[in-house]
2 protein chains.
Amino acid sequence: MSPDEFRAAGHAAVDWIADYLEGIEEHPVLCPLEPGAVRRRLPASPPEEGEPFDALLADLDRVIVPGLTHWQSPSFFGYFPSNTSPPAILGDLLCAGLGVQGMLWATSPACTELESLVMDWLVQALSLPDAFLTTSKGGGVIQDTASSAVLTALHVARERAGGARKLPRLMIYTSTQAHSSVAKGAKVAGFHPQQIRAIEVDDSLAMRPDALRVAMAVDAASGKLPCFVCATVGTTSTTALDPVPEIARATQEHGAWLHVDGAYAGSAAICPELRFVNAGLEHADSYCFNPHKWLLTNFDCTCFWVRDRAPLLEAMSILPEYLRNAATESGAVIDYRDWHVPLGRRFRALKLWAVMRCYGLSGMQAHVRRHVSLAQTFAGWLDGHERFERIGEVPLGLVCFRHVGGNESTEALRDHLNASGELYLTHTKVGDDLLLRMAIGGRLTEESHVRAAWDQMVAWSEANP
Amino acid sequence: MSPDEFRAAGHAAVDWIADYLEGIEEHPVLCPLEPGAVRRRLPASPPEEGEPFDALLADLDRVIVPGLTHWQSPSFFGYFPSNTSPPAILGDLLCAGLGVQGMLWATSPACTELESLVMDWLVQALSLPDAFLTTSKGGGVIQDTASSAVLTALHVARERAGGARKLPRLMIYTSTQAHSSVAKGAKVAGFHPQQIRAIEVDDSLAMRPDALRVAMAVDAASGKLPCFVCATVGTTSTTALDPVPEIARATQEHGAWLHVDGAYAGSAAICPELRFVNAGLEHADSYCFNPHKWLLTNFDCTCFWVRDRAPLLEAMSILPEYLRNAATESGAVIDYRDWHVPLGRRFRALKLWAVMRCYGLSGMQAHVRRHVSLAQTFAGWLDGHERFERIGEVPLGLVCFRHVGGNESTEALRDHLNASGELYLTHTKVGDDLLLRMAIGGRLTEESHVRAAWDQMVAWSEANP
């Protein structure tokens with residue numbers, strides 16, 4: 001592909017994306033295909049000779065798009081949102097075009113310095129503790145996912161507590177509602193499943209600090225070493241908010257590491273009135289949230305901070321000869337390879353920079369506020385209808401509810417809605433109850449989309465009394 | 001940014017990248033700035049109101065580009081190459097634009113099925129073992145880096161060998177020349193540094209299978225459990241090739257897991273005449289190589305295969321209620337979230353698909369052959385010059401050499417070349433000898449660039465007799 005061909009193909013790709021996003025409501029939100037349907041329509045072997053880029057764009061329309069579930073649809077209400085935005089798409093494009101690799105400061109200083117800068121911008125924008133600033137003792141880094149972030153935190157906590165020698169005695173605490181990544185990360189980090197205590201939750205599904213306290217005391221009394229506590233601000237199931245200040249006090253008594261997972265909810269702190277999600281963060285040893293969920297930045301973009309970077313670097317650094325360089329040895333720079341498992345790294349700060357500059361704080365706030373308001377509106381509709389029962393609080397953009405007919409009705413409603421192609425939502429279970437999760441957070445989601453979803457729910461309930 | 005504004009900004013970004021790549025030789029290859037120079041030129045706080053995208057492009061020229069080390073420069077000879085290409089850049093753009101998240105087959109079937117397809121295409125294109133096909137018992141997945149791949153392999157090996165309960169007795173073997181990611185991954189996976197044996201190498205810096213055999217026997221005799229062997233095909237330092245067939249035999253005697261790291265060299269197998277890099281792979285339990293190094297695909301793109309996916313899924317799967325779905329429960333689909341640490345995942349297959357289609361096998365072969373040939377040419381120049389000593393073999397695109405004046409001269413030569421801005425190369429150490437590494441593998445690298453680098457080396461050596 002010559003430079004001129006690249007320009008032409010690139011313009012065509014941009015226009016293709018613009019057309020896709022403008023027409024996104026024409027597609028069924030949830031892909032209706034059977035397993036194997038996509039692959040069956042593509043050649044079983046790679047081509048011997050190159051093909052024009054146009055052929056690829058044609059196959060996107062013919063094969064790929066019909067095989068997608070459309071996460072950017074304004075009627076995608078499943079899981080949590082995974083926002084993209086025009087500035088973030090172009091930031092990712094620029095990252096791909098520059099093709100630099102920022103494993104060390106020296107391998108592209110701008111890649112490291114812009115990342116430190118936007119992470120510090122976020123500390124200001126979200127009103128996070130000053131200790132998280134890269135200009136202080138702590139600092140922030142962009143990782144791929146909250147799963148990798150909790151693994152990183154577990155690794156540092158284990159090493160700080162004595163490492164492999166002490167590992168069999170080390171204990172991990174998180175609530176019964178914590179994300180599966182805590183258990184997965186713990187297993188990857190060498191812990192046995194029995195070294196994880198799933199702490200009970202209260203009626204709001206938030207971790208009970210008294211139960212945490214008891215569990216740690218019992219373990220300590222029997223010679224075990226409380227090592228790591230993961231609190232969740234905005235659980236995946238229902239956006240329950242663990243009481244971080246009380247959890248922090250219990251954690252500190254045992255000298256354990258406190259990680260706070262704000263994967264979804266952390267974005268809310270862009271709005272001053274929603275900064276209850278930051279309560280107690282000044283006591284956290286590490287914290288993460290995902291701009292790729294609710295802050296307009298393409299996946300992957302998880303922001304991970306530590307209050308003190310020394311134990312992180314101590315746990316992660318290995319410096320072979322072929323990576324030695326004067327800047328690293330001067331101690332005056334950040335080498336982000338020591339802040340996570342991967343060595344190589346993309347210039348992910350570009351997309352976050354693009355989002356923060358093109359939206360500004362006011363644009364990001366308006367984005368989050370719209371969803372919180374729509375969630376309240378939707379919750380009000382549920383509360384006013386006798387066939388639906390809203391479950392739990394609605395602090396942010398997620399509304400959980402069930403049909404009064406019970407699990408079977410609720411499941412049938414879900415399947416009906418999703419099969420319609422008009423919207424997509426997913427479920428969870430609380431106790432024995434199946435709940436539907438209406439996660440309102442799409443960049444293109446307006447009240448009309450929430451209203452259309454609601455109208456379908458009501459129509460189904462009237463047809464299935 | 002409205003759809004029309006997105007089109008205009010997108011075209012401008014594509015043109016900006018085209019201009020950057022066309023003018024890339026105008027910049028010093030290695031960034032000459034001091035720490036802090038980039039950050040100092042940017043605002044300390046994020047903007048309150050949004051700015052136009054043009055302002056960002058202007059700052060790219062003003063602040064970011066001068067702060068880069070230009071990995072895509074044809075005179076970048078450092079580390080290993082990190083190739084991008086026009087089709088890969090556009091594949092990444094399409095990934096960003098679609099914004100789908102392929103954690104489960106159900107969350108976008110095309111994301112999973114295209115990934116399985118291109119991984120199977122690569123099995124054919126590189127002539128890898130049939131057991132690696134996703135249509136067989138094994139299969140492949142795209143991960144971010146070879147560091148994550150080796151951590152994945154270590155985790156599976158540990159679990160297969162008994163998991164956390166047995167961990168204190170488990171042993172890891174790799175050569176003294178292995179990449180630092182093995183030691184880092186082992187530490188993250190909960191191993192103590194003393195559980196890693198660094199096996200001696202022969203004169204070619206390849207692992208000695210006899211030494212491996214002795215180390216495993218001694219450990220087994222003392223009650224330890226050999227668990228994991230990592231062989232490297234194409235070491236980072238000098239592209240030494242561990243003898244995988246002999247290593248596999250020794251590994252099998254102890255029932256240990258064999259991982260083969262072909263991060264750089266694996267791309268060579270696109271050429272039939274270079275498939276010596278595949279020797280013994282049919283015995284590997286897992287294998288990885290990085291198309292983002294030498295196969296024209298933007299970072300991040302590490303291809304990881306297993307011969308049998310059952311132990312991988314056994315080690316990685318955790319299925320919370322909110323991810324349950326009919327397709328997963330049918331067992332008829334691949335859910336790639338169970339193939340690595342992260343839960344969420346980008347549609348990375350698009351860029352690999354774009355590369356394989358737009359270059360075709362013949363285009364990828366020509367790319368690799370050109371570099372291998374240039375490396376031979378450069379090695380010939382070194383061999384014909386009395387002031388330079390070539391060290392080791394040149395099986396692929398890396399040539400190691402030193403100045404006959406010894407370490408001080410070699411270091412001075414390196415610093416002179418890199419300070420010139422005309423080219424960039426990095427070093428390694430073998431024993432006490434400092435060697436320069438000329439890694440020839442850029443998409444835009446032609447003989448003229450290698451010749452210009454050589455002319456500078458000769459000129460320096462004549463000026464510093």
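Let's start with chain A, whose secondary structure comes to 14 helices and 11 strands; helices (H or I, at least four residues) and strands (E, at least two) are DSSP runs, numbered from the N terminus. Its radius of gyration is 24 Å, close to the 23 Å that the globule rule gives for 465 residues, so chain A is as compact as a globular protein of that length. That radius is taken over C-alpha atoms, and the rule is 2.2 Å times the number of residues to the power 0.38.

Before going on, keep in mind that this is a predicted model, where local features need pLDDT of at least 70, side-chain atom pairs count only at pLDDT 80 or more, and totals for chains, interfaces and linings use all residues. Residues are numbered from 1 along each chain as its sequence is written, while chains are lettered from A and ligands numbered from 1 in the order in which they are written.

Of the 465 residues of chain A, 60% count as buried. A residue is buried if 20 or more other C-beta atoms lie within 10 Å of its own, exposed if 12 or fewer, and partly exposed in between, with C-beta atoms placed from the backbone.

Now bring in the second copy. Chain B can be laid on chain A with an RMSD of 0.0 Å by a turn of 180° and a shift of 0.0 Å along the axis. The two copies are thus related as by a two-fold rotation axis. The superposition is by least squares on the C-alpha atoms of residues with pLDDT of at least 70 in both.

Where they meet, 113 residues from chain B and 113 residues from chain A take part in the contact, which for two residues requires C-beta atoms, placed from the backbone, within 7 Å. On the side of chain B that touches chain A, H1(B) gives the most, with 14 residues. Also, 100% of the interface residues of chain B are interface residues in chain A too, so the copies meet through the same surface.

Finally, zoom in on Asn83(B), which sits in the loop between H2 and H3 of chain B. Is Asn83(B) buried or exposed? With 26 C-beta neighbours inside 10 Å, Asn83(B) counts as buried. Leaving aside neighbours within four places in sequence, its contacts include Lys293(B), Trp294(B) and Gly441(B). Asn83(B) and Lys293(B) are 210 residues apart along the chain, yet their C-alpha atoms are separated by 5.6 Å.
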